Amino acid sequence: MRPRCRSLLAAACAAAVVLTAVPASAGSRQGPVLEHLDRGLVAASTGDGVFLSWRLLKDEATGHSATGLTGVDFAVYRDNRKIATVTDSTNFVDRTGSTTARYRVAAVVKGRERDRSAAVTAWADGHLDLPLRKPADGVTPSGEAYTYSANDMSVGDVDGDGQYEYVVKWDPSNSKDVSQVGYTGNVYVDTYELDGTLLHRIDLGVNVRAGAHYTQFLVYDFDGDGRSEMMFKTAPGTKITRYGRDGRVVSERYVTLPKADVKAGYTNGDDYRMSAADYYRHLVTMFRGWSTHPEVVAGRWPATLEAAFGIAPQYQYPLSQADAEALVDYFIDVYAPARSTRNALRAFAGFIVDGPEYLTVFEGATGRELQTIPYKPGRHDDGLMWGDYAMARIEPGNRVDRFLSGVAYLDGKRPSAVFARGYYTRSTLVAYRWDGRKLVEDWFVDSGWTPMTNPFNDSPHGRDGTDPEFRTLTTQGFHSLSAADVDGDGRQEIVYGSATIDDDGSLLYSSFGTLPDGTTVARLGHGDAMHVTDIDPHRPGLEIFTVHEGATSAPYGMAMRDAKTGEVLFGVYSGRDTGRGMVGDVLPASPGLEAWASLPGGTDSLGLYTAAGQVTPGAIPGTNQSIRWSADLTTQILNGAGDATPTIDDWTRGTLLTADGTRANNGTKGNASLIADIFGDWREELLVRTTDSTAIRICLSTSVTGHKLYTLMHDPQYRAEVARQQTTYNQPSYPGFYLASDTDWARVPLR
């Protein structure tokens with residue numbers, strides 16, 4: 001019988017959480033400072049009895065065995081009576097247990113018990129539902145009604161009690177890609193206790209558009225005080241609502257506008273969303289100022305708009321109002337449709353291309369605003385200099401509004417927040433430390449503008465920027481990024497797609513390859529999926545597996561690289577937009593993690609490859625998202641998108657879980673709200689929304705594992721990856737060491 005999320009069978013999902021009496025630390029003076037976590041004991045009713053699972057903390061691991069790590073042992077108690085001592089794992093099945101029994105776990109060090117956990121009972125329903133408070137439906141200025149669904153999630157210990165709280169982003173049903181026209185509803189970011197208590201809600205307001213590329217929210221303990229903060233992009237109108245334990249509103253407050261903006265007349269009541277008429281007026285203003293644009297003055301762009309559009313000169317510059325309107329009419333009705341039939345600029349509405357942009361730090365427990373600063377860099381314009389008018393598809397507000405974020409231990413000890421803007425043309429990244437009082441900039445990376453001879457007709461992708469150091473960063477960014485210590489110096493770098501930024505903000509490398517003609521050298525270029533970890537344990541260091549959408553202009557459709565140097569170890573040319581790819585241990589008999597990529601349409605692929613680059617004929621696993629679900633350290637895949645029920649599937653054993661009553665997120669991406677090791681043993685939990693978004697359902701693997709490993713949240717790379725998992729196109733989280741069915745436990749880092 002196939003196990004389901006609502007069942008009580010051994011493979012069904014479940015959860016219960018407790019507070020350890022004395023939380024333990026995973027940080028050291030020499031290494032990264034990580035969270036103080038409790039024991040994370042969970043209990044679940046299964047067909048074999050009551051399954052128990054708990055955390056081994058990193059500083060409790062002292063050595064290794066043939067099957068895992070060694071260190072503290074654990075005493076298991078039922079109703080205050082000791083029923084077992086567990087030495088080789090961090091789970092146990094009480095075959096005579098019941099749903100009313102109360103369980104505790106205590107660490108055993110040199111024969112003496114300590115840190116006995118609080119008591120938990122088994123979840124009889126076979127899963128844990130975290131209740132949510134769904135935002136009210138809304139209507140756009142154009143009269144379109146919209147509803148809300150729970151979307152991406154993150155976790156952080158906001159109150160310092162050793163347990164995670166849950167941060168949920170709410171997306172409206174009219175959420176948009178940056179290339180899509182139309183209004184969207186507001187985005188909300190909620191913080192919940194596990195019992196569903198809503199601590200606070202942050203309404204980003206009308207001046208932050210809803211969509212996967214706009215809101216990247218970081219949840220992390222940035223200042224090391226044991227309590228997580230939140231950081232993300234805000235704007236005038238962003239509002240914080242705090243709630244009491246009874247659910248009533250305690251306070252409402254807008255973010256503080258900088259003094260310079262207040263003096264300039266900006267208010268929290270401003271609405272910068274553009275109607276089609278607003279956009280028309282915006283173009284008229286842009287055209288009237290054409291002759292004074294710095295690029296025109298410098299002689300890099302055509303002196304007249306007629307020259308830019310390829311028509312005979314007709315007007316005097318600077319343009320009059322009437323002449324500017326005439327040129328705007330020509331641009332919208334003649335020039336743009338001639339470039340592409342998809343250019344319907346009279347319907348351009350709902351975008352925000354003006355007004356202040358901020359970065360705000362919030363206190364995680366209360367939502368209280370701690371600091372708000374101008375977002376760096378600002379948009380500069382509506383995308384004109386970013387190349388948004390240059391391609392055949394004219395898409396104002398597209399390349400300029402591509403955002404990423406992540407967490408990185410740039411100094412090897414304290415976490416920094418990293419925010420990126422742009423990656424097709426101008427590419428920027430900025431890193432900040434939060435010292436508990438203010439943001440301190442670590443560094444700022446900027447490729448410089450991508451030069452164009454004509455901003456209305458050019459191909460700026462793949463062209464160098466103007467900065468002497470970072471010029472090759474353009475077009476190398478992905479819809480995600482990763483933090484990993486690629487050079488083994490104890491400090492994390494930023495893997496920015498096909499390029500990597502060193503911990504000090506310098507360019508470590510930008511990867512290029514040769515096209516099939518054997519002579520043309522080109523960037524590996526942009527792609528949608530990237531995975532960074534120790535993929536091949538027989539090579540030193542980490543590897544990066546990426547897929548690329550450059551089609552005939554990209555040297556590879558998929559590529560495996562050395563993470564330290566960016567050298568391509570093996571790759572496959574596709575000549576097509578290769579949008580999806582994954583790594584994982586799906587063939588246990590083959591050393592290392594396998595890698596695979598699919599082509600558009602989902603019926604064709606580039607094959608399933610071993611870590612060494614040997615192809616395995618036949619089909620490939622799914623590419624939505626991976627999960628460490630099985631007891632044997634192999635990799636499973638989350639499948640299901642849209643209205644399909646999510647499933648966890650093993651490549652050789654079939655479906656291991658069907659999460660009935662839930663849905664995945666982000667359209668065809670089919671992502672969970674979160675996949676992370678949030679409690680229990682080292683395996684990852686599946687967090688997905690219920691079909692009506694009244695709850696987040698947390699599913700736990702209850703198959704007994706004989707492997708002992710500290711919680712993955714105490715690995716610096718994995719913890720940083722969980723924090724960035726919500727970013728744009730959600731990618732799985734990976735540890736900084738090799739973890740698979742053939743793990744050499746002597747190589748698992750203990751400090």
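This is a predicted model: local features need pLDDT of at least 70, side-chain atom pairs count only at pLDDT 80 or more; totals for chains, interfaces and linings use all residues.
Reader: How much of the protein chain counts as buried?

Author: Buried means under 20% relative accessible area, exposed means over 50%, and partly exposed is in between (1.4 Å probe, protein chains only). Here 62% of the 751 residues count as buried.

Reader: What share of the contacts is between residues 24 or more positions apart?

Author: A contact means heavy atoms within 4.5 Å. Among contacts with a separation of 6 or more, residues 24 or more positions apart account for 61%.

Reader: Which residues touch the most other members in the largest nonpolar core?

Author: General idea first: in soluble globular proteins, nonpolar side chains tend to be buried together. A nonpolar core is a set of buried Ala, Val, Leu, Ile, Met, Phe, Trp, Tyr and Cys residues joined through side-chain atoms within 4.5 Å. The largest one here has 62 residues, and Leu 52, Trp 54, Tyr 166, Ile 678 and Leu 709 touch the most other members. Strand β13 (residues 148-156) gives the most to this core, with four residues. Apart from it lies another core, of 39 residues, including Phe 222 and Tyr 432.

Reader: Which residues does Leu 709 touch?

Author: Not counting residues up to four places away in sequence, Leu 709 touches Leu 56, Leu 69, Trp 682, Phe 737, Leu 739, Trp 745 and Val 748.

Reader: How many residues of α6 are buried?

Author: Nine of the nine residues of α6 are buried, so the helix is mostly covered. Among those buried residues are Tyr 718, Arg 719, Glu 721 and Arg 724. What covers them includes β13, β17 (218-220), β23, β27, β33 (530-533) and β46 (674-676).

Reader: Where are the cis peptide bonds, going by omega?

Author: One runs from Tyr 317 to Pro 318, with omega near 0°. Pro 318 lies in the loop between α4 (305-309) and α5 (321-339). Another joins Lys 376 and Pro 377, where omega is about -10°. Pro 377 lies in the loop between β22 (369-374) and β23 (403-408).

Reader: What is the phi of Ser 693, and what is the phi of Thr 728?

Author: Ser 693 has a positive phi of about 55° although it is not a glycine. Look for Ser 693 in the loop between β47 (685-690) and β48 (695-699); with a relative accessible area of 1%, Ser 693 is buried. Thr 728 also isn't a glycine, and its phi is positive, near 55°. Thr 728 is found in the segment after α6 (716-724), and it counts as buried at 1% relative accessibility.

Reader: Is Ala 529 buried or exposed?

Author: Ala 529 is buried, with a relative accessible area of 5%. Its place is in the loop between β32 (521-523) and β33. Leaving aside neighbours within four places in sequence, Ala 529 is in contact with residues including Phe 478, Phe 545, Gly 579 and Gln 731. The C-alpha atoms of Ala 529 and Thr 578 are separated by 9.4 Å, and the two residues are 49 residues apart along the chain.

Reader: And where does Thr 450 lie?

Author: Thr 450 lies in the loop between β26 (439-446) and β27 (482-484). With a relative accessible area of 4%, Thr 450 is buried. Its contacts beyond four places in sequence include Thr 425, Arg 426, Pro 460 and Asp 464.

Note on methods: Residues are numbered from 1 along each chain as its sequence is written. Side-chain values use heavy atoms; hydrogens and water are left out. Helices (H or I, at least four residues) and strands (E, at least two) are DSSP runs, numbered from the N terminus.
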